[in-house]
Amino acid sequence: MDSAKVSVKDLENFIVEAMHRYGIHEEDAHVSANILVTTDTWGVHTHGTRQLRPLLKNFPIKRLDSEATSEVIREGVAWAMVDGHHSMPFVSAQRAMELAIQKAKAAGIGYVSVIHTSHFGAAGYYATLAAEQGMIGMAMCNADPNMVIPGARGKVLGTNPIAYAVPAGQNKPVFFDIATSAAAANKIIRAKLLGQSIPEGWLVNAEGEPTTDPSGFPESGALMPMAAHKGYGFALLVEVLAGVMTGAALTKEQPSWVPDIPGNPPGFTNQGQMFIAIDAGAMISPEIFDQRMDWLVDYIHDAPKAKGSERIYLPGEMEWEKREQALANGMILPSDVVDSLRGLAHDVGIKTLPFEMVTDN
Ligand SMILES: NC(=O)c1ccc[n+]([C@@H]2O[C@H](COP(=O)([O-])OP(=O)(O)OC[C@H]3O[C@@H](n4cnc5c(N)ncnc54)[C@H](O)[C@@H]3O)[C@@H](O)[C@H]2O)c1
């Protein structure tokens, strides 16, 4: 299996062209490409451009609609509910966060949820949109069940991701973006494709016993929540905010957004998503907020280091550094991403891939 080197611009152009061939409109294709490629530049390859091929397969079978646009169906001063109408989910998610930011400018806080939607990729992308505007951002979604919970066997809850981003004065925004499972499902699938074992604490087998063998997943077994009952508790909070509160499909009512998973029921995914923007400057002066964040960042960087540790990172710091490198010098896409993009090129009849292959040792 081979990795590939690619420039950010070439990758973006390639996936915009692939989306055009699926009938996705110009603006929607550009918004979606920016989200997916930005995610790759962070090094979060599990949720970058590799997700596009399975997502696009939803359009010809009418589980997503390239002609649809999201619509606000109810709103108050500080909140809104948006119907995604099964439009391109990256676009409805970005618009929802933009609306939350707009509401936070007027009311100090904006809370916007989306229903009738599908996979939005990395939750963190949407949280950073708020931080770019000097606001604290949060993003989350409920997903089809893939995760066991303490005492249970099999898949009970989704890996329901949760992300926040905080503007941090002179520093890049602090941002934290995680699945509530110990590891994202894609990491297990990747290990399975590569024939590798996985760390303890990621997966249980069909009997509900911990295993390091990913070969049976996703057909059997289930992901473990991060930090046992703590990840379970947060996944449940996300299910409430993104699912119960919105009217989206809950847990096992939700078909997977990957249409060709064996045994996947037909019908719309109807995922729920939730975006919050908090205007910190409405409650404390923006200058004081920035100063206090700078102090906090310095305090954390300067914490005494463990033996053998050279550096302490803030959440998001590794991702910003990888992005800077990727923008300047291009990036290496792992083999599973390359395979997915190669498959996408084949699906839509693009002959030339913009990659320089790199042989893995
Ligand atoms: N849309 C969906 O249905 C869905 C479901 C699950 C996960 N996801 C996405 O999967 C992605 C990966 O999730 P994950 O759980 O594998 O993430 P992960 O376990 O790799 O954790 C990533 C986060 O931890 C921070 N971090 C890592 N090491 C750190 C350190 N030493 N110091 C400080 N911070 C550190 C990173 O900055 C980042 O914010 C996320 O983007 C998430 O939104 C999406």
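The buried residues of helix α2 are covered by several elements, including α1 (8-21), α3 (52-56), α4 (89-107), α5 (123-132), α10 (317-329) and β12 (331-333). The model is predicted. In this model the protein has eleven helices and 13 strands, and it is divided into domain 1 and domain 2.

**Helix α2**

- Helix α2 covers residues 26-41, which is 16 residues.
- The buried residues of α2 are Ala-29, Ser-32, Ala-33, Ile-35, Leu-36, Val-37, Thr-38, Thr-39, Asp-40 and Thr-41.
- An α-helix has 3.6 residues a turn, so residues three or four places apart point the same way.
- Among the buried positions of α2 are Ala-29, Ala-33 and Leu-36.
- Gly-43 follows α2 and has a positive phi, near 90°.

**Overall fold**

- For 361 residues, a compact globule would have a radius of gyration near 21 Å; the protein has 20 Å, which agrees.
- The C-alpha trace spans about 55 × 50 × 50 Å along the principal axes of the protein.
- Of the 361 residues, 48% are buried.
- Among contacts with a separation of 6 or more, 65% are between residues 24 or more positions apart.

**Domains**

- Domain 1 is made of residues 2-181 + 225-284 + 320-359, and domain 2 is made of residues 183-224.
- The centres of the two domains, taken over C-alpha atoms, are separated by 23 Å.
- Domain 1 gives 14 residues to the contact between them, and domain 2 gives 15 residues.
- On the side of domain 1 that touches domain 2, there are six nonpolar, five polar and three charged residues.

**Shell around the ligand**

- There are 26 residues around the ligand, of which Ala-122, Ala-123, Pro-161, Ala-179 and Ala-184 come nearest.
- Two or more residues of this shell come from each of α5, β7 (171-178) and α10.
- Strand β7 gives the most, with four residues.
- By class, the shell has 17 nonpolar, seven polar and two charged residues.
- Two of the elements that contribute to the shell, α5 and α10, are also among those that cover the buried residues of α2.

Terms used
Residues numbered from 1 in each chain as written. Predicted model: local features only at pLDDT ≥ 70, side-chain atom pairs only at ≥ 80, totals over all residues. Rg over C-alpha atoms; globule rule 2.2 N^0.38 Å. Buried ≥ 20, exposed ≤ 12 C-beta atoms within 10 Å, placed from the backbone. Contact = placed C-beta atoms within 7 Å. Expected span 1.5 Å × (residues − 1). Domains from an automatic or database assignment. Nonpolar A, V, L, I, M, F, W, Y, C, P; charged D, E, K, R; others polar. Near = placed C-beta within 6 Å.
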